[in-house]
Amino acid sequence: MEFEFKRPELEDKEIISSYFAKSPSRSCERTFVNVYLWSRHYKVKYAVIEDALVFRDESEGESFAYPAGESQNIKKAIDTLMEYCREKQIPFRCIM
């Protein structure tokens with residue numbers, strides 16, 4: 001199981017913002033501008049998994065941010081990420 005994670009670019013604003021809109025948060029981390037700017041400093045990439053937006057941080061091993069999207073898709077994405085980690089024999093780390 002492999003996923004295509006990529007660094008957020010300006011042309012990704014619409015897709016990233018659409019997933020943030022599906023799971024509103026008052027957190028500054030859940031804005032496109034924040035994601036775009038900090039991805040230049042940290043090794044953060046994103047992918048759409050099970051119709052949920054998932055960010056992966058590669059700065060200290062592999063960890064994932066809590067997915068954004070509709071609740072049923074978030075559950076599927078987390079289950080898929082857990083299976084991905086089992087297959088790669090790495091610990092599953094999901095940060096909020």
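Cys94 is partly exposed, with a relative accessible area of 29%, where partly exposed denotes the range between buried (under 20%) and exposed (over 50%), computed with a 1.4 Å probe on protein chains only. Cys85, by contrast, is buried at a relative accessible area of 1%. The sulfur atoms of Cys85 and Cys94 lie 9.5 Å apart, too far for a bond. A disulfide is defined as a pair of cysteine sulfur atoms within 2.5 Å, and a search of the whole structure returns zero disulfides.

The model is predicted: local features need pLDDT of at least 70 and side-chain atom pairs count only at pLDDT 80 or more, while totals for chains, interfaces and linings use all residues. Residues are numbered from 1 along each chain as its sequence is written, and side-chain values use heavy atoms, with hydrogens and water left out.

Eight salt bridges are counted, the criterion being a side-chain nitrogen of Lys or Arg within 4 Å of a carboxyl oxygen of Asp or Glu. One of them joins Asp12 to Lys6, with an N to O distance of 3.0 Å; Asp12 is buried at 6%, whereas Lys6 is partly exposed at 29%.

Glu58 and Arg56 form a further salt bridge, their closest N and O atoms being 2.6 Å apart. Arg56 is buried at 12%, and Glu58 is partly exposed at 26%. Lys88 and Glu62 are paired at 3.9 Å, N to O. This pair links distant parts of the chain, 26 residues apart: Lys88 belongs to helix H3 (residues 71–88), and Glu62 to the loop between strand S2 (52–57) and strand S3 (63–65). Helices (H or I, at least four residues) and strands (E, at least two) are DSSP runs numbered from the N terminus. Salt bridges with shared partners join Arg56, Glu58, Glu62 and Lys88 into one network.
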